[in-house]
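Please open the model in your viewer and keep the sequence panel beside it, so that each stop of this tour can be selected by residue number.

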Amino acid sequence: MEYIVSARKYRPITFDSVVGQAALTTTLKNAVKSGKLAHAYLFCGPRGVGKTTCARIFAKAINCQNPTAEGEACNECESCQSFNEQRSLNIFELDAASNNSVEHIKTLMEQTRIPPQLGRYKVFIIDEVHMLSTAAFNAFLKTLEEPPAHVIFILATTEKHKILPTILSRCQIYDFERMTIRNTVDHLKHVAQQEGITFEEQALAVIAEKADGGMRDALSIFDQAASFCQGNITYEKVIEDLNVLDAENYFQIIDLSINNKVGDIMVLLNNVINKGFDGGLLIQGLAKHVRNVLMAKDPQTLPLLEVSDQQRQRYQEQAKKCETRFLYQALKKMNQCDINYRQSSNKRLLVELTLIEIAQITQPAEEGDSAGRSPRRLKSLFKHLMRQAQPKPAAPQVAAAKPVVSKETSNPSMTSSSSNSRESGEHSQPSQPSQPSQPSKPAVKLGGIGFSWNNLMDQGKPSKINIIPGTVSPAIAQQENAQFSQEDLELQWMAMCNRMPQELSGIATRMKNMNPTITELPQIEVQVDNALIKQEMEDFKGRIVSSLKNGLQNESLSLEIVIVEQKEQVKVMTRREQFEKLTKENPAIDKLRQVFNLELA
């Protein structure tokens with residue numbers, strides 16, 4: 001017995017057997033019952049949704065001699081029998097993809113003149129009509145607008161936008177919809193039962209999802225899976241045969257992300273990639289999975305899930321574990337990864353970073369900060385050091401008895417000066433009642449963390465003594481009027497411009513091109529081009545002076561903003577004006593020109 005593929009064997013032969021197009025088939029049946037038939041129809045939609053099938057059923061019903069009360073063909077009259085046996089002379093099918101020239105259309109138009117020998121209409125079904133050339137469309141226009149009374153055209157196409165508007169305006173247009181997963185699964189169940197094939201509903205759902213809304217594709221994949229599974233279609237065998245990523249991976253990634261298990265996610269990702277799956281495919285599938293979880297959180301959006309009943313139950317269970325904020329942010333990160341995936345030179349790293357960021361969404365702010373989180377531990381470290389640097393209320397009087405000297409002090413002269421200051425402090429301090437002594441903590445300054453330009457410039461200078469709170473150091477007192485050079489000034493000026501906030505970026509750029517000079521230490525002068533810039537700098541002059549005082553360690557520093565005098569502009573002379581000036585200064589040049597009869601070019 002000859003084997004027939006399921007897409008042909010189970011092709012609908014009546015309107016009621018068409019899957020997923022109830023509105024269109026009802027309209028066509030009503031047209032047959034009432035006899036109100038248009039002269040041209042256009043069936044458009046994606047592949048494998050029943051356009052050509054409906055065109056054949058409609059053509060058969062039009063010419064049926066005894067149609068049923070519902071508008072279906074009887075399948076018993078001579079017209080129906082001739083159509084079923086593919087010997088009908090009243091129904092013509094033309095493939096416009098291979099017959100798209102003007103000559104083919106003219107031959108077709110000549111056949112429209114001959115009336116039908118059996119039945120009432122001659123029906124011309126033109127498939128893939130968008131493949132006709134522009135000249136063929138124009139040759140078809142007149143006949144399509146005013147065909148003979150016994151002619152009906154049924155055009156089918158997958159790309160309606162390629163058809164001329166003049167053709168569209170002459171047809172009744174029927175837009176076919178994609179097959180839903182539920183409709184596809186139900187039809188596959190019917191086919192499996194007819195063929196005696198056992199199946200798992202979840203496996204049929206994978207086939208329906210792979211078909212992407214096309215019933216013909218779904219039946220072709222069904223035949224492939226039935227051959228691979230040898231009559232027992234299971235979920236594991238289907239995903240192996242179709243090389244589809246198991247949905248269990250998506251459920252595991254979301255569960256691990258909720259618990260912040262980044263390491264387990266990286267291991268799972270490595271296993272997926274080792275199986276030959278692309279990282280971008282994983283991100284796309286995970287984004288669709290998260291979308292389904294989000295839809296499952298609300299009973300109102302639950303019908304939007306085009307999955308099997310078993311999968312729908314799993315989505316509902318996982319939706320109870322996930323916060324809506326987590327799902328929103330995860331979708332946003334995966335969408336950004338999908339956008340950047342093609343341009344990325346290291347695609348795996350991009351996918352890994354995205355999964356790490358998703359796993360960090362639900363992590364508390366004070367826990368470990370990994371990739372995708374702001375470095376808050378560093379901020380907490382600064383806060384801890386600042387608390388240590390703040391003196392306690394009772395610390396001065398206790399610490400005054402035992403001043404602490406920094407271990408960095410290695411200069412003997414500095415050590416002697418510190419001892420002298422300690423002795424003078426002890427003599428000047430009045431006696432106080434004995435109190436339990438506590439070891440004083442050295443003062444901590446944030447400026448000592450890391451390196452800066454001041455740290456590098458201060459290397460080689462004598463180390464400074466860390467004085468405990470409550471005492472005054474001569475070294476610190478000298479810093480208030482420290483000497484600085486022109487190089488120090490320019491360095492601090494540039495550093496200040498780089499630290500200026502974003503709203504002052506314009507004036508900061510202009511200030512970088514200025515050259516502040518020391519007129520008489522510690523007086524500084526900076527020259528500007530016009531009064532507008534001067535006024536703009538005067539508005540925050542106090543902040544400039546304060547920044548320079550801190551950077552140069554000189555409290556007496558002052559700043560003066562001066563408008564530079566504009567020099568007289570020298571007019572640019574043309575060549576003729578230059579020559580005339582030369583001849584006035586040296587008449588011999590003009591005589592030379594006259595002797596040689598020269599002209600200025």
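In which sense, parallel or antiparallel, do strand 1 and strand 5 pair, and over how many bridges? Select residues 172–175, which are strand 5, together with strand 1: the two pair in the parallel sense over four bridges. Here two strands are said to pair if DSSP finds at least two bridges between them, and helices (H or I, at least four residues) and strands (E, at least two) are DSSP runs numbered from the N terminus.

Before going on, note that this is a predicted model, in which local features need pLDDT of at least 70 and side-chain atom pairs count only at pLDDT 80 or more, while totals for chains, interfaces and linings use all residues. Residues are numbered from 1 along each chain as its sequence is written, and side-chain values use heavy atoms, with hydrogens and water left out.

**Stop 1**

In strand 5, Tyr174 is the bridge partner of Phe43.

Step back to Ala38, in the loop between helix 2 (22–34) and strand 1. Ala38 counts as buried because its relative accessibility is 16%.

**Stop 2**

Next select Val206, Glu209, Lys210, Val244 and Lys288, which lie nearest the centre of the second largest pocket among the 33 residues that line it. On a 1 Å grid over the protein atoms alone, a pocket is an open set of points with protein on both sides within 12 Å along at least five of seven lines, and lining residues have an atom within 4 Å of a point. The volume of this pocket is about 910 Å³; grid points are joined across faces, edges and corners, and a volume is the space filled by probe spheres set on the points.

Which helix supplies the largest share of the lining of this pocket? Colour helix 14 (279–296), which is one of the helices that each supply at least two lining residues; the largest share, seven residues, comes from helix 14.

**Stop 3**

Select its buried residues, Gln311, Arg312, Tyr315, Gln318 and Ala319. They lie on the same side of helix 15, because they cover an arc of only 130° around the axis, the arc being that of the directions from the helix axis to the C-beta atoms. The face turned away from this buried side carries the exposed residues Gln310, Lys320 and Lys321.

Move on to helix 16, whose buried residues are Phe326, Leu327, Ala330, Met334 and Cys337. Seen down the axis, these fall within an arc of 90°, so they line one face of helix 16. On the other side of helix 16, Tyr328 and Lys332 are exposed.

**Stop 4: backbone details in the loops**

Go to Asp212, in the loop between helix 9 and helix 10 (215–229), where phi is positive, about 60°, although Asp212 is not a glycine. Asp212 counts as partly exposed because its relative accessibility is 47%. Gln230, in the loop between helix 10 and strand 7 (232–233), likewise has a positive phi, near 55°, whereas its relative accessible area of 73% makes Gln230 exposed.

Finally, select Leu521 and Pro522, which are joined by a cis peptide bond with omega about 5°. Pro522 is found in the loop between strand 8 (517–520) and strand 9 (523–528).

Notes. On a 1 Å grid over the protein atoms alone, a cavity is a set of points where a 1.4 Å probe fits but cannot get out, and a pocket is an open set with protein on both sides within 12 Å along at least five of seven lines; lining residues have an atom within 4 Å of a point. Buried means under 20% relative accessible area, exposed over 50%, partly exposed in between (1.4 Å probe, protein chains only).
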